[in-house]
Amino acid sequence: MCLALPGLAISTDQGQLTGRGLDGFYRAGRRVLSRCQIRVAGREPLAVQARMTAADTVRFVGTLRTSPQAGPDPDVVVERTRRADGTERITLRSAAARTLRLPVEVALATDLADLAAIARGDTGPELLASVIDSGLRWSSAKGNSVVTANPPPSEALASAGLLRWEFDLAPGGTVGIELRVRPEGAGPVRAVGRAATSPLAPTQAAGDDPRAEALLRTSIEDLQALLLRDPAHPSDTHLAAGAPWRCGLAPADALAAARMTLPLGTRLAAGTLRTLARTQIRDRGRQFGLIPGPRRDAGTHLPPSCTGTEATLLFPALLAEARRWGLPESEAEELLPAAERCLTWLRTTVGDGACLPDPHPGGPVRCETQAHAHRAALLGADLLDAYGRPGASELRNWAGALRADFQAGFWIDDLGGGRPAAALAPDGRPVPYLGATAAHLLDTGLLGEGEQALGLLDKVQTEQLARLLGGPAMHSGWGLRGLSAKEAGHNPFGHRSGAVRVHETAVAVAGLAAAGYEKEAGALLRGVLAAAEAFGQRLPDMFAGEQRTEGSAPLPHPAACRPAATAAGAGVLLLATLAGIRPDAPAGTVTLRPMRSAPLGEIVLTGLRVAGAPFSVRVSRLGLAMVEEAAEGLQLRA
């Protein structure tokens, strides 16, 4: 898969687009070309390599033997360079001792199906083509598509969807064909990530473990490829949730990914916040202040959850932390009213209770929702205080009440030391399973002066949760399972009931490291890096939670997004956690709390952004951090 939204191209590693499955070029979720099959001298090239050269580009290499009597060695190399913008360059190179006359055929077709129909298996038949000057055209009620070729073909057959050329290829010579596919009348794809003013800083990693450099580079490439613009406000960018299934805006995912990528600058966070502020419900009523979002599967033991709740609680937390990282005060103040509306929704929905209920009547009181709400209250109060706005004391008082209620009501004591309940049922009974969403209890949020906000758990409970997350029932060896392997209903391929969740694993690593549980954090970090290596550094949002064994590899999940915004953002968060960067740009300070165990040895991160300026840090093999570049006047706090 190569990606530069709104463009996308998918095929097998053979390089041929066969029209089966997901194969094709896509524009804005519609398949504009489903089949593109090459034959040279009447035969398909033998595929020998497929390699991603960038997030939006893939290179396929095949070979041919045109003179069987010359021996087993191929004498023609066929190279295909495919880009997500709808271009494909076909290059033939000859190693033959004589000039070759090579007929080349490209069979083309499309159904103009959208991704949702393809996922359902309801694509419809291939459309009949018509010939245009230098290619073919297809049209239906769904839209239209055009493929043009340079040089133009010597023959075009509409009935077969076939373009033909005949080339004389001298010894050592090359010849090329460039195909361009797009909806008729549409210009080339203008991918946001290719713009000169990307919101993501060109950060680099170097050090003892080469996987760190590769993971960070690929994560940033994937984030660039997933960038979208708000059509009505083109200066505001945000991330699509993931390809191929979720190429649009998913509010909770976009906010979570923007939060994890704050070390790359605050512009993505600002664009995401502005975009979502425009979707916020402003009609007076119980939903006033809510950022709408779809329902999401919650696994075997709970009904689907509301991502709108999560997005509404993430909004003030992201704004508060973006301000600490260096979001200009004028931009933060502009977004403050939207954050206040989120906090108003929180207070209204809680009412006189201590816990934040499920938005659907009769729904459970979810553990991770309380973690998001507690963080939103404390960071929101911090934000209100910074701008002299009322309501901070009320939020802190409620957070204190929630903390006491949670420690008493959600914690289940058992012979193993206890565990947090996944939720409270409507009758108040705890739902006693352990899943990856418990990691959000460790994600308490950043306040001023490099301090982490209080969490919902006390010290003993935090230590026990660290032990559970680091144990073999939760840690597959590649990352955190969505549901513990010891729980009834565990399924290694279950979205939230056993598959490894990359986002929650990164949240756990950062939270464990901040709380001082570096053994467990380091083991999870090394597991994710090993999984990333198996996936070519392009992490999916989830993969099967099979236990890692000697010589094994993580199993892909057939419904995963790869790339995915939260998985690519996780790559940034994991490496930033090694340095423990805690900025306070309004105060002109930065605090470093590196992982003293230095699980990847020495690492140097350059080109980060703190207080609007480049920031570079080195962490030694002894776990000591040193700032190598920073904004003028930025002070290092002890």
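Select I581 and display its surroundings: leaving aside its neighbours within four places in sequence, I581 is in contact (heavy atoms within 4.5 Å) with W325, A576, V590, T591, L592, L608, V610, F615 and V617. I581 belongs to the largest nonpolar core, which has 149 residues, and together with F315, L346 and F615 it touches the most other members. A nonpolar core here is a set of buried Ala, Val, Leu, Ile, Met, Phe, Trp, Tyr and Cys residues joined through side-chain atoms within 4.5 Å, where buried means under 20% relative accessible area with a 1.4 Å probe, counting protein chains only. Apart from it lies another core, of 37 residues, among them L17, F25, F60 and V78.

Before moving on, note that this is a predicted model, in which local features need pLDDT of at least 70 and side-chain atom pairs count only at pLDDT 80 or more, while totals for chains, interfaces and linings use all residues. Residues are numbered from 1 along each chain as its sequence is written, and side-chain values use heavy atoms, with hydrogens and water left out.

Next, select residues 603-610, strand β32, and residues 613-619, strand β33, which pair in the antiparallel sense over six bridges; helices (H or I, at least four residues) and strands (E, at least two) are DSSP runs numbered from the N terminus, and two strands pair if DSSP finds at least two bridges between them. Within this pair, I603 stands opposite V619 in β33. Widening the selection shows an open sheet of four strands in the order β18-β32-β33-β34, with antiparallel pairing. β18 (204-207) and β34 (625-629) stand at the edges with a single partner strand each, so one side of each has no neighbour in the sheet.

Now turn to helix α7 (residues 367-386) and helix α8 (residues 392-409), whose axes come within 8 Å and cross at roughly 155°. The two helices, α7 and α8, are therefore roughly antiparallel (over 145 degrees).

Notes:
Buried < 20%, exposed > 50% of the residue type's maximum accessible area, 1.4 Å probe, protein only. Axes fitted to C-alpha atoms, helices over the stretch in contact; angles between N-to-C directions. Parallel < 35°, antiparallel > 145°, perpendicular 65-115°, else oblique.
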